[in-house]
Amino acid sequence: MKKIGLLILLPLVCLVDLVAQTTTSEVTQPTAVFSAVFWGTSGTRSLVYAPWGNFDEENATKSMVRVVNGALSKKFVYYGQNNPKFYQKRNFTELELESMEDKTVAEEVSFFSEVPFSPTAGETKEFIILFSPTQNKTIYKSFLVPFDDSEIPWGSYKLFSRVSEPLYIAAGKMKFSLDPGKSKILHSKDFEGLSRAKMLIYKKINGIYAEEAAQSFNVTERQRGMFFFSETRNIIDVVPMVESNRPINHAIGFNTKPKEIEVKEEEIKNAVPQENF
């Protein structure tokens, strides 16, 4: 009977070993690379997500991303096939932490947002996530903006207007209009000889061009980004979303693996009839 037990046990041990080897040795292509920014709200949040999309599973690895208003977060990678979910930790003061009897409370998280996402087989797509508050204030809506370098090459900036009337823009020697819902890409070559340029945004009011906003940007092949124009209470807002060229292996969550779950000898024995031991 012991031989039968060993024959049953051997495949189980080999299977556990195979799973462990697979988990530690494979380098998987990410399904997406994200950056994030707050839209329509101010503040800073530290958000937690699972790079493999398995936040609620026992073997989930988790990473933290700091998101602010007015600037892109550091890039973070995603290997999952489903919608990425984000959670937030409550910020405690040092005094609160010192007086806390149960320290695990500081590690608790609450749901923040779920991002609608559909992967493209065999490709790593880049996106900007816009987090926008709901009436709840603790749960945020999220929107994906395509951000592949094939669409916005390095050294380029994409302008996009959500203002309800045409805008008139002067940047360097260039002057052009930008209609509602339309976009335009500026290239570094358009600003030859400059290391930094300034963009002036105008509205036409009673036949007169009135300056409403301004935005400066670097002229370099090592940066790219988007500038969103929106309007709140007749005031033009410019949301800059600019990134610098850094290797993907510097991104948050890069090459992380699901945790290895140790299978104890007792658990293996429970899978085999006791009389075989």
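The following legends describe close-up views of a predicted model.

**Figure 1. Overall make-up of the chain.** The predicted chain has 277 residues, of which 38% count as buried. Its secondary structure comprises three helices and 16 strands. Of the contacts between residues at least 6 apart in sequence, 64% join residues at least 24 apart. The accessible surface amounts to about 16400 Å², and carbon and sulfur atoms account for 51% of it.

Figure 2. Strand E10 spans residues 167-171 and strand E11 residues 174-178; the two pair in the antiparallel sense through five bridges.

**Figure 3. The aromatic pair Tyr-78 and Phe-117.** The whole structure contains 25 aromatic pairs. In the pair shown here, the ring centres of Tyr-78 and Phe-117 are 5.8 Å apart and the planes meet at 80°; the arrangement is therefore edge-to-face, since the angle is over 60 degrees. The two residues come from distant parts of the chain, 39 residues apart: Tyr-78 belongs to strand E4 (residues 76-78), whereas Phe-117 lies in the loop between strand E6 (109-114) and strand E7 (125-133). Tyr-78 is buried, with a relative accessible area of 0%, and Phe-117 is likewise buried, at 7%. Ring pairs also place both residues in a cluster with Phe-34, Phe-38, Tyr-49, Phe-76, Phe-86, Phe-112, Phe-127, Phe-131 and Tyr-140.

**Figure 4. Charged side chains over aromatic rings.** The charged end of Lys-62 is positioned over the ring of Phe-55, at 4.1 Å from the ring centre. In a second case, the charged end of Arg-224 sits over the ring of Trp-154, with a distance of 5.0 Å to the centre.

Figure 5. Beyond residues up to four places away in sequence, Phe-217 touches Tyr-157, Leu-186, Phe-191, Arg-196, Ala-197, Met-199 and Phe-227.

Figure 6. Val-33 is part of strand E1 (residues 32-38). Its relative accessibility is 5%, under the 20% limit, and Val-33 therefore counts as buried. Setting aside neighbours within four places in sequence, Val-33 contacts Lys-75, Phe-76, Val-77, Thr-124, Lys-125, Glu-126, Phe-127 and Ile-248. The C-alpha atoms of Val-33 and Phe-254 are 9.5 Å apart in space, although 221 residues separate the two in sequence.

Figure 7. Lys-158 is located in strand E9. With a relative accessible area of 14%, Lys-158 is buried. Apart from neighbours within four places in sequence, its contacts are Glu-151, Ile-152, Ser-183, Lys-184, Ile-185, Gly-225, Met-226 and Phe-227.

Note on methods: Residues numbered from 1 in each chain as written. Predicted model: local features only at pLDDT ≥ 70, side-chain atom pairs only at ≥ 80, totals over all residues. Heavy atoms only, no water. Pairing = 2+ DSSP bridges. Helix = DSSP H or I, 4+ residues; strand = E, 2+ residues; numbered from the N terminus. Phe/Tyr/Trp six-rings, centres within 6.5 Å; stacked < 30°, edge-to-face > 60°. Buried < 20%, exposed > 50% of the residue type's maximum accessible area, 1.4 Å probe, protein only. Lys NZ or Arg CZ within 6 Å of the ring centre and 35° of its normal. Contact = heavy atoms within 4.5 Å. Areas by Shrake-Rupley, 256 points an atom, 1.4 Å probe, with all protein chains shown as cover.
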